[in-house]
Amino acid sequence: MAHPTRLTLCTLTLLGLLISSPPGLARGAPVEASAADKKQAKALFVQGSKEYQAGRYKAAITIFEKAYRLWQNPRILLNIAICHLEGGDLLQAVRTLRKALASLPEDKREAFRKQLPPKLVAADKRAGKKSEIKSAGNE
């Protein structure tokens with residue numbers, strides 16, 4: 001398991017990103033989340049962060065997914081991706097990351113990418129190379 005201080009710093013950083021993200025980031029979201037839904041999503045995020053810090057990644061994912069249903073914020077998806085990554089499910093981590101990126105307007109994606117943990121960026125690159133190899137073999 002990762003060092004507790006690193007987990008705490010990571011979680012606090014991610015919490016700050018979630019709370020400070022501008023409204024309406026998620027493109028194609030059916031309806032902007034209400035203030036009450038955002039408040040509930042933030043409370044769930046705190047709860048999910050505690051599960052993450054304790055190394056209970058599946059429980060954290062479940063809670064973060066509840067938060068995402070309330071507030072379709074790509075930063076919540078980022079936290080789900082990180083939990084999948086820490087739990088060893090690299091494929092699902094990459095899928096979730098790419099879903100988060102796809103939900104953003106194109107002009108916001110690069111700034112979002114710059115905030116990604118290096119371990120998640122590396123997993124995304126590895127997955128990209130594997131899919132390139134598979135598609136080259138199918139030609």
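Which residues of the largest nonpolar core touch the most other members? I started my notebook with that one.

**Ground rules.** I am working with a predicted model, where local features need pLDDT of at least 70 and side-chain atom pairs count only at pLDDT 80 or more, while totals for chains, interfaces and linings use all residues. Residues are numbered from 1 along each chain as its sequence is written, and side-chain values use heavy atoms, with hydrogens and water left out.

**Core.** I found 31 residues in the largest nonpolar core, and Phe 64, Ile 76, Cys 83, Leu 97, Phe 112 and Leu 120 touch the most other members. Such a core is a set of buried Ala, Val, Leu, Ile, Met, Phe, Trp, Tyr and Cys residues joined through side-chain atoms within 4.5 Å; buried means under 20% relative accessible area, exposed over 50%, partly exposed in between (1.4 Å probe, protein chains only). At least two residues of this core come from each of helix H2 (35-53), helix H3 (57-70), helix H4 (74-86), H5 and helix H7 (118-137). H4 gives the most, with 8 residues. Helices here are DSSP runs (H or I, at least four residues), numbered from the N terminus.

**Leu 120.** I then looked up its partners, leaving aside neighbours within four places in sequence: Leu 120 is in contact with Leu 78, Ala 81, Ile 82, Leu 85, Ala 93 and Leu 97. Contact means heavy atoms within 4.5 Å.

**H2 and H3.** Next I checked how these two pack: the angle is about 170°, with the axes 8 Å apart. Axes are lines fitted to C-alpha atoms, for helices over the stretch in contact, and angles run from 0 to 180 degrees between N-to-C directions. H2 and H3 are therefore roughly antiparallel (under 35 degrees is roughly parallel, over 145 roughly antiparallel, 65 to 115 roughly perpendicular, the rest oblique). Among the contact residues I noted Leu 44 and Phe 45 of H2, and Ile 63 and Phe 64 of H3.

**An aromatic pair.** The structure holds 2 aromatic pairs. In one of them, the rings of Phe 45 and Phe 64 have centres 5.0 Å apart and planes at 40°, so I logged the pair as tilted. Rings of Phe, Tyr and Trp (its six-membered ring) pair if their centres lie within 6.5 Å; planes under 30 degrees apart are stacked, over 60 edge-to-face, the rest tilted. Phe 45 lies in H2 and Phe 64 in H3, so the pair ties together parts 19 residues apart in sequence. Both Phe 45 and Phe 64 are buried.

**H5 and H6.** Last, I compared the axes of H5 (residues 90-102) and H6 (residues 106-114), which come within 9 Å and cross at roughly 140°. H5 and H6 are therefore oblique to each other.
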